[in-house]
Amino acid sequence: MSLVKRLGLPGTLCLCVVVVFALAAMLAPFVAPYAAQGIGTPNISAKFQPPSAAYWLGTDHLGRDMLSRVIYGARVSMTTGVLIVAVSLLIGLPVGLLAGYFGGWADEGFMRITDIFLAFPALLLAVLMAAALGAGMLNCIISVAVTWWPWYARLARAEVLVLRNQPYVEAARLMGVSPPRILLRHILPAALRPLGVQAALDVGPALLTASALSFLGLGVLPPTADWGQMVDAGRPFFPARWWYAVSPGVAIFLLALAFSVLGDALRATGRRDA
Amino acid sequence: MLEVRGLQVVINSDLQVVRKVDLSVPKGTIHGLIGESGCGKTMTGMAILGLLPKGAGLQAGTFTFEGTDLLSGAATLRGRRIALVSQDPAAALNPVLRVGRQMDDVLRTHSNVAKPARRAQAAALLAATGLPDPDRVLNAYPHQLSGGMQQRVVIAQALATGADFLIADEPTTALDVTVGAQVLALLRRLVAQRGLTILMITHDMDVVAEVCDRASVLYAGITVEEGPTEALLRAPRHPYTKALLAALPDARPKGQRLAALEGAIPPPRQIIQGCAFAPRCPMAMPVCATPPPRRTEGERFWLCHLEARDA
Amino acid sequence: MALARYLLRRLVLSVFVVLGVTMLVFTVAQVVPSDPAALYAGPRPTAALIAKARETLHLDAPLPERFLTFAHAMATADFGVSYKSRRAISQDLAVYLPATLELAIFSTGLALLIGIPSGVIAAARRGGLLDRLGGLSSIVAVAMPTFFLAMLLQGVFCQWLGLLPLSGRIGKEFSVIDPVPFVTGFMLIDTALAARFDAFRDAMAHLILPGLTLAAYPAGVAMRLTRSAMIEILERRHILAARALGLSEARILFGHALPNAVGPALTVIGLSFAYALTGAVLVEIVFAWPGLGRYVSEAILSKDFPVIAAAALVVTLCYVAMNLILDMVQALVDPRVALT
């Protein structure tokens with residue numbers, strides 16, 4: 001089956017957008033027109049140039065090419081977005097699997113803990129954590145992941161509760177297969193698919209949250225290019241020098257949009273297959 | 001009052017849910033519309049109400065209600081002259097609105113009376129359907145009422161529209177037998193007291209026997225037989241009517257197995273050339289592959305190749 | 001009484017949640033790498049000053065004891081003093097909290113007002129132009145970074161078109177020259193109480209853009225949820241029955257079908273309120289809204305942890321209270337909820 005048919009036209013388009021951003025991020029030193037400026041070297045003589053043939057997206061207050069900055073910013077944003085989801089999944093999945101499989105008081109206690117985390121507005125907890133840990137990409141990832149893992153834990157637990165009573169799992173148990181083996185061989189593979197789709201859907205929101213933190217000055221610090229921080233830096237010059245804040249803002253929006261539409265498309269194919 | 005000749009309903013231009021329904025319902029009577037599920041009874045009712053689903057095409061030789069052509073202006077009669085008593089009253093009432101509010105919405109759609117007067121009207125209507133404590137019912141949510149009470153509320157709603165023609169779609173199917181009998185008695189009484197006319201859609205010959213003056217037998221969206229109930233029950237002409245009657249518990253001698261029909265109704269996609277019932281008919285003949293003639297006898301008619309005496 | 005038992009259970013659960021959140025805030029405070037005593041001691045701390053600060057802040061007491069002190073202080077609304085300004089945090093909160101709540105409530109209302117009717121119309125005209133347009137804008141609203149939207153709206157409506165005020169809660173003429181007395185801290189209520197309708201209009205004008213910014217995302221969610229709920233409800237038999245009784249299409253949509261969608265609507269209120277409370281951190285910076293969000297963001301920059309903790313706790317309290325109220329409303333509106 002062709003990709004377009006599986007994902008639909010919007011889904012395929014969004015997959016392309018994601019791939020383009022990912023390639024740009026990986027190959028930044030080669031595709032960025034002014035790689036040095038992308039990393040942060042100032043170029044004062046050319047400050048606040050409007051978009052032109054030389055600078056497609058204009059230049060910022062230090063004369064750096066916005067396109068190069070946005071391309072380098074994709075490195076940070078892509079990595080944070082994906083890593084936030086990955087780390088959350090890495091914490092949430094085992095916790096949810098174990099709680100769901102073994103049940104009892106451990107399950108009860110774990111549910112109440114997630115209750116507390118979920119009772120906290122997520123962004124607020126992330127801000128609190130990030131403020132405590134200090135700025136930086138790793139701290140930003142940890143801060144957001146701490147607020148996100150309960151969602152995956154709950155999702156994994158719900159999957160396990162269903163899968164645990166499937167005939168083939170029952171059969172494995174009766175044949176004396178050990179619980180760790182049942183979890184790893186029979187339950188985990190089946191639970192991965194819905195969790196994977198959810199994870200894909202969540203990269204967009206993860207990216208938005210991370211960019212919000214960096215807008216607040218809790219993300220990557222300059223001179224490293226980072227979209228949220230660039231929007232904040234360009235804000236005083238908006239709307240007169242609109243390109244400064246708009247370029248990174250549109251980049252965040254596009255990537256978040258692409259991930260969310262792609263996730264929806266993936267979920268739809270999952271439903272069709274089921 | 002209602003005259004239907006050759007009614008046809010096609011959905012998405014290939015699903016023939018109603019193929020050729022003839023109906024003639026005189027004022028002040030209860031007319032049964034009987035057949036297995038999927039034979040187009042409910043769709044016929046919806047066509048009369050003007051509530052066919054999207055993509056449905058409607059055709060008829062004659063389709064009139066007291067001279068008004070329903071082919072064009074059905075929506076104007078729905079809820080004015082014609083109202084529906086829906087099957088499964090639990091589903092037909094809005095679960096999150098109190099009965100009073102649901103009655104009132106109907107009343108204010110159809111009159112300009114002030115709110116307190118409407119409340120009195122609603123209570124009177126509920127009382128007319130035999131509900132003992134109308135005020136309590138008006139303040140209740142549907143799930144707080146029993147099935148029989150819910151069905152009475154649904155009937156009261158239909159009366160609240162001021163309609164004099166009710167389409168009762170399986171009004172007793174969701175109820176247990178004794179409550180169902182009470183509801184049927186109520187409908188009978190309403191016909192006598194208020195001069196209503198009722199089209200009773202049912203799959204149950206007992207219901208027809210109990211309350212209907214006349215009845216039409218539908219098979220695969222075609223009226224195969226129509227006539228006064230008594231004649232229909234005593235001397236059915238069409239083999240399908242006979243089969244339906246044979247399925248009645250008290251119609252068969254003790255010990256005899258239920259005469260279940262082999263096969264199934266032709267699907268709506270199938271184009272029917274001859275007699276629709278022929279593939280399942282115990283008396284089918286080669287000639288049944290051609291369209292059956294319309295035979296009449298007094299106030300009744302049927303569509304069959306068999307002569308009356310053979311039948 | 002099933003209803004009373006249900007509500008009691010929710011209440012007990014909420015108490016536990018608040019306790020847990022307090023513990024969480026305290027734990028986070030413990031992992032702060034910087035030394036609170038050093039911050040408290042002032043800009044040029046000497047060893048003696050730091051030692052004194054450690055004593056004032058009870059930093060040398062054992063952990064459980066410090067937690068109990070902390071929890072007790074929070075429970076009595078004694079949030080301590082800001083490390084930076086040395087002002088009592090509870091005094092600051094009394095001014096900033098109403099500002100943020102006003103914004104949150106206003107934007108929640110806006111989200112419902114935009115999202116629910118458009119969801120109803122999208123469901124009624126499924127597949128039509130309005131439905132597609134609504135679906136598209138809800139996707140856009142969900143993917144739009146809050147702070148970027150705030151900036152764009154401000155740029156277009158204030159700086160470019162000059163239609164609405166740039167920032168703040170109210171114009172100078174009503175705050176400095178001829179101030180409206182502070183009663184509740186809710187600008188709309190205070191101006192109305194003082195019968196100053198020009199001031200009321202001005203306060204409203206200041207609310208529109210930040211409110212709209214915070215309403216965009218929940219409105220998108222509201223539209224999606226309402227649409228899918230309505231599509232399912234419109235298939236139900238009682239809707240067909242209502243049509244057969246001759247009720248008008250508008251009454252069927254808004255009077256009969258929509259009340260069945262109360263569940264999603266309440267979900268949206270909770271979500272929107274939470275979103276506004278936390279999004280306030282971002283939006284208040286852009287619109288210079290003197291609320292909790294700006295207070296926190298300033299505290300973040302100066303590592304003023306007591307302020308951050310107090311604000312986080314207060315916001316969570318509002319959030320938990322809101323959810324509790326929503327649970328109650330849900331149980332009252334749909335009497336079947338409490339039975340399950």
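Biologist: How far apart do the closest C-alpha atoms of chain A and chain B lie?

Modeller: Keep in mind that this is a predicted model. No contact joins chain A and chain B. Their closest C-alpha atoms are separated by 24 Å.

Biologist: Then which chains share the most contacts?

Modeller: There are two pairs of chains in contact. The pair that shares the most contacts is chains A and C.

Biologist: Let's turn to chain B and chain C. Which helix of chain B gives the largest share of the side that touches chain C?

Modeller: The contact takes 23 residues from chain B and 20 residues from chain C. On the chain B side, strand 7 (82–85), helix 3 (89–92) and helix 4 (99–110) each supply at least two residues. The largest share, four residues, comes from helix 4 of chain B.

Biologist: And how many residues on that side of chain B are nonpolar, polar and charged?

Modeller: We're still talking about the side of chain B that touches chain C, to which chain B gives 23 residues. By class, those residues split into eleven nonpolar, eight polar and four charged.

Biologist: What's inside chain B, in helices and strands?

Modeller: Of its 311 residues, 46% count as buried. Among contacts between residues at least 6 apart in sequence, 65% join residues at least 24 apart. As for secondary structure, chain B comes to eleven helices and 13 strands.

Biologist: Over in chain C, are helix 14 and helix 15 roughly parallel or roughly antiparallel?

Modeller: Helix 14 (residues 292–301) and helix 15 (residues 305–333) of chain C pack with their axes 9 Å apart, at an angle of about 150°. Angles over 145 degrees count as roughly antiparallel. So helix 14 of chain C is, relative to helix 15 of chain C, roughly antiparallel.

Biologist: Is the crossing of those two helices of chain C left-handed or right-handed, and which classes of residue make up the contact?

Modeller: The crossing of helix 14 and helix 15 of chain C is left-handed. Leu292(C), Tyr295(C), Val296(C), Ala299(C) and Ile300(C) from helix 14 meet Val307(C), Ile308(C), Ala311(C) and Val315(C) from helix 15. By class, that contact has no polar and no charged residues, and nine nonpolar.

Methods. Residues numbered from 1 in each chain as written. Chains lettered and ligands numbered in written order. Predicted model: local features only at pLDDT ≥ 70, side-chain atom pairs only at ≥ 80, totals over all residues. Buried ≥ 20, exposed ≤ 12 C-beta atoms within 10 Å, placed from the backbone. Contact = placed C-beta atoms within 7 Å. Axes fitted to C-alpha atoms, helices over the stretch in contact; angles between N-to-C directions. Parallel < 35°, antiparallel > 145°, perpendicular 65-115°, else oblique. Left-handed = near helix turned anticlockwise from the far one by under 90°. Nonpolar A, V, L, I, M, F, W, Y, C, P; charged D, E, K, R; others polar.
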